[in-house]
Amino acid sequence: MPIDALGLNNDDFVDFVKTVEIFLVESDDGGRAYLQNAFEQSGFFVKPFSSSELMLIHLMRYPTNIGNYRCVVLNEHQQGIGGLEAQAQIRKLEPGLQVIFFSYKATVQSVISAWRNGAASFFSAPFDANELVVAIKDCLKQGATVQQPNDRAAVEALRISYKALTSREREVLLLISKGHKNHEIASDLGISIPTVKMHRANLMRKLEIENIAQLISFHHKCVRFLQV
């Protein structure tokens with residue numbers, strides 16, 4: 001349940017955070033300990049898991065009840081049940097449970113699949129723990145129909161960034177978000193591969209982003225909040 005449905009103000013949110021349970025799924029012991037420490041320093045209660053299987057078993061045994069607030073922070077690259085499969089299982093068990101992905105080996109297709117299946121956020125290396133903390137808080141603050149003032153400001157910033165793109169850059173952005181490769185984009189738009197690369201570079205520069213995962217994330221947000 002989003003906190004705007006609870007009627008919490010910004011001061012209450014600090015106390016609310018302490019009631020939130022974060023399911024952290026990371027197979028690497030060092031990485032899991034690092035993120036757990038960062039989340040706990042931000043006030044969250046963290047339930048760490050070394051695999052998606054263990055997290056799903058726990059979720060089946062202890063489903064989310066009214067008054068419980070949870071968020072899953074999940075490494076997309078896992079042995080056994082992978083992150084995307086775990087996301088699909090979560091959607092079957094608890095469709096409203098938000099999932100935030102992070103990955104050190106993300107592919108365009110994995111990012112697209114995660115977004116299409118309702119991921120709240122997707123972070124591809126390089127990223128730091130503070131970015132995940134912000135994503136968790138945004139995830140909790142986000143309402144289905146009601147936006148907080150800060151959310152409206154973020155949507156307006158998104159709109160400004162999208163309007164700054166040329167029509168050709170928007171076309172390239174759309175095809176990238178669909179997983180098309182450079183030569184496919186060139187063929188679809190009737191332009192050369194070097195021109196496609198130029199437009200990709202311009203997109204990265206204008207939007208101040210560093211990788212394809214962030215580019216796909218930007219387009220997903222535009223579709224979601226701007227209905228482009």
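At what angle do the axes of helix α8 and helix α11 cross? Keep in mind that you're looking at a predicted model. Select residues 167-177 for α8 and residues 212-226 for α11: their axes come within 9 Å and cross at roughly 105°. Angles of 65 to 115 degrees count as roughly perpendicular, so that's what α8 is to α11.

Now show the side chains where these helices meet. On the α8 side, pick Leu173, Leu174, Ile176 and Ser177; their partners in α11 are Ile212, Leu215, Ile216, Phe218 and His219. Colour this contact by residue type and you'll get 7 nonpolar residues, 2 polar ones and no charged ones.

Most peptide bonds are trans, and most residues other than glycine have a negative phi. Keep that in mind for the next selections.

Jump to proline 126, in the loop between β5 (121-124) and α6 (129-141). Look at the peptide bond leading from alanine 125 into proline 126: it's cis, with omega near 5°.

Then head for the loop between α10 (193-207) and α11, and click on glutamate 208. Its phi is positive, near 55°, and it isn't a glycine. Is glutamate 208 buried or exposed? Exposed means over 50% relative accessible area, and glutamate 208 has 72%, so it counts as exposed.

Last, move to the segment after α11 and select glutamine 227. Here's another non-glycine residue with a positive phi, near 55°. Glutamine 227 is exposed as well, with a relative accessible area of 60%.

Technical notes: Residues are numbered from 1 along each chain as its sequence is written. This is a predicted model: local features need pLDDT of at least 70, side-chain atom pairs count only at pLDDT 80 or more; totals for chains, interfaces and linings use all residues. Side-chain values use heavy atoms; hydrogens and water are left out. Axes are lines fitted to C-alpha atoms, for helices over the stretch in contact, and angles run from 0 to 180 degrees between N-to-C directions. Helices (H or I, at least four residues) and strands (E, at least two) are DSSP runs, numbered from the N terminus. Angles under 35 degrees count as roughly parallel, over 145 as roughly antiparallel, 65 to 115 as roughly perpendicular and the rest as oblique. Contact means heavy atoms within 4.5 Å. Ala, Val, Leu, Ile, Met, Phe, Trp, Tyr, Cys and Pro count as nonpolar, Asp, Glu, Lys and Arg as charged, and the others, Gly among them, as polar. Buried means under 20% relative accessible area, exposed over 50%, partly exposed in between (1.4 Å probe, protein chains only).
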